[in-house]
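The structure comes before the entries.

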Amino acid sequence: MIDYTDQTVLITGGASGIGKALAEAFKARGAGVIIADRQAAAAEAVAASLGGLAIACDLSDPAAPAALLERAFEWQGQLDLVCANAGYGRNKRIIKDPFDDAAMNMFALNLFAPFRLAQAYAAALTAAGQRGRLMITGSENSLSLPRAVRRNGLAAYGATKHGVLIMAEWLHEELRGETMDVHILLPGGVYTPLIAKHIPDPKDLPPEMHIILPERCAEIALKGLDLGLFYIPTHAHIADDMRPRTEGILEGLKALGLAP
């Protein structure tokens with residue numbers, strides 16, 4: 001189990017949902033936490049409750065990640081872990097999606113911001129002669145087209161999360177443990193404020209939705225870090241959701257006479 005006493009952890013999107021639960025979990029393990037979020041008042045409230053630092057920022061701005069990392073390092077003179085967690089989704093069927101500024105903003109935040117953070121973090125660690133850890137929040141949508149959301153029009157969101165996965169895999173391969181360890185959290189359904197708008201009481205969640213509370217997601221995330229896992233999935237059904245793609249590719253190879 002990693003001892004986070006006297007360590008500093010930055011959580012983006014830390015004002016609510018998974019990010020807030022992660023901040024609380026790291027604080028319980030002794031870390032000092034930095035809450036970065038574009039919801040300034042909410043970030044201040046969470047940081048105050050945890051004795052941490054709040055930084056208001058919009059990571060869809062290409063210049064924001066480097067500025068955030070600079071401020072985060074200044075707080076305690078070190079930054080032991082960055083949780084690149086900020087992101088959001090939208091519901092649009094591909095045939096009707098205008099791929100407008102809102103869609104591009106989602107790609108900027110979900111896909112490019114984590115890797116701009118990684119670049120800034122690597123540079124800061126090298127300059128300080130330190131070594132760190134980066135955990136990027138992907139999704140079950142990074143791995144498949146989940147059965148539970150197939151009618152929800154999440155194609156563009158899924159594309160951002162597919163992209164996050166392959167770029168995290170490349171980052172993991174390129175660094176090979178140098179400068180920082182890299183991990184990717186792959187949550188299934190989590191009871192975030194968006195879901196709470198429609199189902200105010202988590203006790204009313206239908207079991208077939210397979211939705212867990214943010215605190216459970218954070219618990220799994222920290223266990224994955226303790227174990228040194230690169231892939232940190234949160235739900236058993238993720239493996240079943242991946243099967244149609246794998247089986248489809250194998251069927252194609254057989255049909256083409258290319259199967260091993």
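I began with the segment before β1 (8-12), where Asp 6 is found; helices (H or I, at least four residues) and strands (E, at least two) are DSSP runs, numbered from the N terminus. The model is predicted, so I noted that local features need pLDDT of at least 70, that side-chain atom pairs count only at pLDDT 80 or more, and that totals for chains, interfaces and linings use all residues. Residues are numbered from 1 along each chain as its sequence is written, and side-chain values use heavy atoms, with hydrogens and water left out.

**Entry 1: positive phi**

I looked up phi for Asp 6 and found a positive value near 65 degrees, in a residue other than glycine. Most residues other than glycine have a negative phi. Asp 6 is exposed, at a relative accessible area of 66%; buried means under 20% relative accessible area, exposed over 50%, and partly exposed in between (1.4 Å probe, protein chains only).

Arg 176 also has a positive phi, near 50 degrees. I located Arg 176 in the loop between α5 (155-175) and β6 (180-186), and it is exposed at 63% relative accessible area. Gly 177 lies in that loop between α5 and β6 and is partly exposed, with 27%. From C-alpha to C-alpha, Gly 177 is 9.7 Å from Gly 132, although 45 residues separate the two in sequence.

**Entry 2: helix α2**

Which residues of helix α2 (residues 40-50) are buried? I found Ala 43, Val 46, Ala 47 and Leu 50. They lie on the same side of α2 because they cover an arc of only 95 degrees around the axis, the arc being that of the directions from the helix axis to the C-beta atoms. An α-helix has 3.6 residues a turn, so residues three or four places apart point the same way. On the other side of α2, Ala 41, Ala 48 and Ser 49 are exposed. The buried residues pack against α1 (17-28), β2 and β3, where contact means heavy atoms within 4.5 Å. Gly 51 follows α2 and has a positive phi near 65 degrees.

**Entry 3: helix α3**

In helix α3 (residues 64-76), I listed Ala 64, Pro 65, Leu 68, Leu 69, Ala 72 and Phe 73 as buried. Their arc of only 160 degrees around the axis puts them on the same side of α3. Glu 70 and Glu 74 are exposed on the face turned away from that buried side. The buried residues of α3 pack against β1, β2 (32-37), β3 (53-56), β4 (81-84) and α4. Just after α3, Gly 77 takes a positive phi of about 80 degrees.

**Entry 4: the cores**

The largest nonpolar core has 44 residues, and Leu 10, Leu 59, Leu 68, Leu 69, Leu 79, Tyr 121 and Leu 134 touch the most other members. A nonpolar core is a set of buried Ala, Val, Leu, Ile, Met, Phe, Trp, Tyr and Cys residues joined through side-chain atoms within 4.5 Å. Its largest share, eleven residues, comes from α4. A second, separate core of 32 residues includes Ala 15, Ala 21, Ala 31 and Ala 218.

I then looked up the contacts of Leu 134. Not counting residues up to four places away in sequence, Leu 134 touches residues including Leu 81, Ala 118, Leu 171 and Val 182.
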